[in-house]
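Please keep the sequence and the structure in view while reading.

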Amino acid sequence: MASNDLEERFKGIGLADSTAKTAVKNKKLTHELEAIIQEAGVSNGCPKQQGTLLYDCASKYPDNAKENRKQFMLDFIMTGKIQKSTPNLEGAFKYLKQHVGNKPLTSELVHGLEEAAGVGVVVTPQQIDATVDHHISKVKPQLIQQRYGYPTAQMFREIRGQLIWADGGAVKKVTDAAILSLLGPKTEADLQAGKKKPAKKAAPVTEKAEGVAAAAMQMVQEEATPSHDVYGHLPKPAENDKVHKVVTFSPEAGGGEMRIANTAAQLQTHLKTTGGKVMTRFPPEPNGYLHIGHAKAMFVSFGMAEHLDGECVLRFDDTNPEAEKQEYIDHIQDIVSWMGWKPSKITYSSDYFEQLYRLSIQLIKAGHAYVDHQTADQIKLSRKNREPSPWRDRPIDESLALFEEMRRGLVDEGQATLRMHGDHKNDVAVMWDLIAYRVKFAHHPHAGDTWCIYPSYDYTHCLVDALENITHSLCTLEFETRRASYYWLLEVLEQYKPVVWEYARLNLTYNVLSKRKLNRLVTEGFVGGWDDPRLLTLAGLRRRGVTSAVRPSQHLLMLLIILGELPLHILDHHVRADLHLTSPRTLAVLHPLKVVITNLPEDHYEMVDAKVFPFPGNDETYQVPFTRVVYIEQDDFREQDQKKYFGLAPGKSVLLRYAYVITCTDFHKEDNTVTEVHVEGRKVKHDEKPPKGVLHWVGQPKAGQEPARFQARLYDRLFSTQTPGSKKKKVEDGQDSAAATGEVEEEEEEEEEEKAGDSWLNELNPNSRTVVQGCMANIHLANAKPGDRFQFERQGFFCVDPDSQGGKLVCNRTCTLNESKDK
């Protein structure tokens, strides 16, 4: 039916012009609304009130109760039993979803449905008056005090909660009248107090982005109470009998729809196996190093299992032997352990190759798979044009024989694939006959040389979820469009179906997380390796000195789920907060300036106590040598004093932390640079107020002996722009969105990145790594080992780098002590 005809038909049931036009643009909604008009018998139109309720049925009716939709509409909407969407129709939908499903509507269920929808309930004016008076009396003192400034919205919500079936307009009218009776008309003072403040000037885009993060942070802090359940919206394992997905088929595939849900027998078998426990999985592909996006995936999957006393499986999704290495497998296990997660077991998709193979034979025999001889480019083109493969309808016996030849290694790579027989004309791209198996003559790091046919991700992922009895398959939003193929394959193979939930993929500003981009940065030498501290790989973060802050608190977990792109400074904030509590303090200078305390003897040497942690109740100390010659930061001396400058200057006094007050008497310069400062020192008197300026310093290990030197590596943002290459990340006009975002094949994702070009590399920050030689440290740092973390007082948090060898210390700055004003 043409769009104009559909619009007229929809307007015939009382929909507004704009609503009818919007409905026509939505194919799924159009399909449902047409079916509902037919089922309700209103092809020739109906009153607006009924039409509005029918429209709500098209968009909100529960999928798991579709078998009862026609009877519900005829008995409840067309008869006038239900006349309002809120709360009557919503109450009915909730009852249908939770208690009815596709069961026959018995008299008992009909009675329950009538109660849930408020059918026949009459709320009298006397009941409204009594309820309003009761609530007004509870807040009467506050109302009298604040008058019309009192926030009445919460009180009104409570009144409506008690009068759920009453007319909302009538309740509002009675409430307003009661307040007017108590307070009288608004005075001039009331009107002035109620005036709106002038609107603020619109913030720049970057400020708005930061504002979104700040608002999310505030919301999280308000809502993430100890009792708050981040996963509370997800169904429990025993409730997994609802419709997961409705797959609608094209006319070329026979039309109709497949309503996919677990059978009672499938659910009972699953619950018997798992004992009703929550079962999740973290399924990385071992083809590279994990990054902070994988950390979020761990938070969600391991976190849900931990929160609900369930189990989480660490599963290696190892279906591509050419890209996978034992090195990556070892790395992933190491990182998962470092982050404190404990998988219930470690599995490999390759552990199930034999079962997956047997299921593929079953798929062919059922007519749901065929052997195809198209090349990769031909498949891509036919999918784009939604054209069938020439071999799509080959006989089942022929496909079985050819697939056996593939398994035995008698078919060359690229000469044949096993493809799922989906729906090549479907509106959903993942139904376009996805590849199930391909030939690869490659050694597998876990399975060895047993197989030369390997299953694809789209074939393997859902089946292994079912075979491992996963209750909740949690993944990022780019997999949302894969739901149709995920559930279709499980349905046609009669397998258990987990709950699938997608959350926003994590990106951080001023960096990249794409595996291909990370690989280019590493292999082309833009960074020093997968564990370069500038990268957001977990190995890089660990080397930089990040600790348990990458495993979040309840607050950060909620923040990570809410936000897709996280401003880098929020991560730094949590890292800084963690290191503040766990990093022992020490004194070190990065740019030493020699200071001679002229009123002390040449051989002066004493040990002063410095605090390991500056917290009340913590008296732990370490000893620092104090000598006639000490070293301070070059920036802590100026030739001329200035207002609000608390460092050292001629004639000015400062306190050397934990030691003496010193007063500058002279300084020496070479080549216009200050090279030495002379001071006089004295101990702080018992009742003396010390100077405002307090400097960190390093003394000599022994009188006349130079302090130990070390190298400091100071890291900044890897890129100079918030979202590298963002100007190129646009889908070309006319290109199908599913194919353009790489939801179907990895090759499409690679193609998109190739289109983006190398512009993102031009945005690398040339100052992302600064190496400072000749830094000075106190004597107790001589025994520091790689991985040890410290706070260099007044400098920042530092971690000893693995490059420290042969007495040569190298320290990475994890982050500064305070957040940069330039976020």
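## A loop residue and its contacts

Leaving aside residues up to four places away in sequence, Ile-470 touches Met-279, Thr-280, Arg-281, Arg-315, Asp-465, Tyr-496 and Pro-498. The model is a predicted one, and within it Ile-470 has its place in the loop between helix 20 and strand 10. With a relative accessible area of 0%, Ile-470 counts as buried, because that value falls under the 20% cut-off.

One of its contacts, Pro-498, is 28 residues away from Ile-470 in sequence, yet the two C-alpha atoms are 6.0 Å apart in space.

## The largest cavity

How many cavities of 30 Å³ or more does the model hold? The count comes to 6, and the largest of these cavities holds about 120 Å³ of space. Its lining consists of 13 residues, of which Tyr-457, His-461, Phe-479, Arg-482 and Tyr-486 are the closest to the centre.

Two or more lining residues are given by each of helix 20 (457–467), strand 10 (472–476), helix 21 (483–492) and strand 11 (499–503), and the largest share, 4 residues, comes from helix 20. Sorted by class, the lining of the largest cavity is made up of 6 nonpolar, 3 polar and 4 charged residues.

Ser-350 is found in the loop that runs between strand 5 (345–348) and helix 17 (353–365). Its relative accessible area is 9%, so Ser-350 is buried. When residues up to four places away in sequence are not counted, Ser-350 touches Asp-318, His-444, His-446 and Ala-447.

In helix 18, which spans residues 376–384, the buried residues are Ile-379, Ser-382 and Arg-383. These residues lie on the same side of helix 18, because they cover an arc of only 100° around the axis. The buried residues of helix 18 pack against strand 6 (369–372), strand 7 (417–420) and strand 8 (435–439).

Which exposed residues does the face turned away from the buried side of helix 18 carry? That face carries Asp-377, Leu-381 and Lys-384, which are exposed. Beyond the helix, Arg-386 follows helix 18 and has a positive phi, near 55°.

Notes:
Residues numbered from 1 in each chain as written. Predicted model: local features only at pLDDT ≥ 70, side-chain atom pairs only at ≥ 80, totals over all residues. Heavy atoms only, no water. 1 Å grid on protein atoms, 1.4 Å probe; cavity = no way out; pocket = protein on both sides within 12 Å on 5 of 7 lines; lining within 4 Å. Points joined across faces, edges and corners; volume = space filled by probe spheres on them. Nonpolar A, V, L, I, M, F, W, Y, C, P; charged D, E, K, R; others polar. Buried < 20%, exposed > 50% of the residue type's maximum accessible area, 1.4 Å probe, protein only. Contact = heavy atoms within 4.5 Å. Arc of directions from axis to C-beta.
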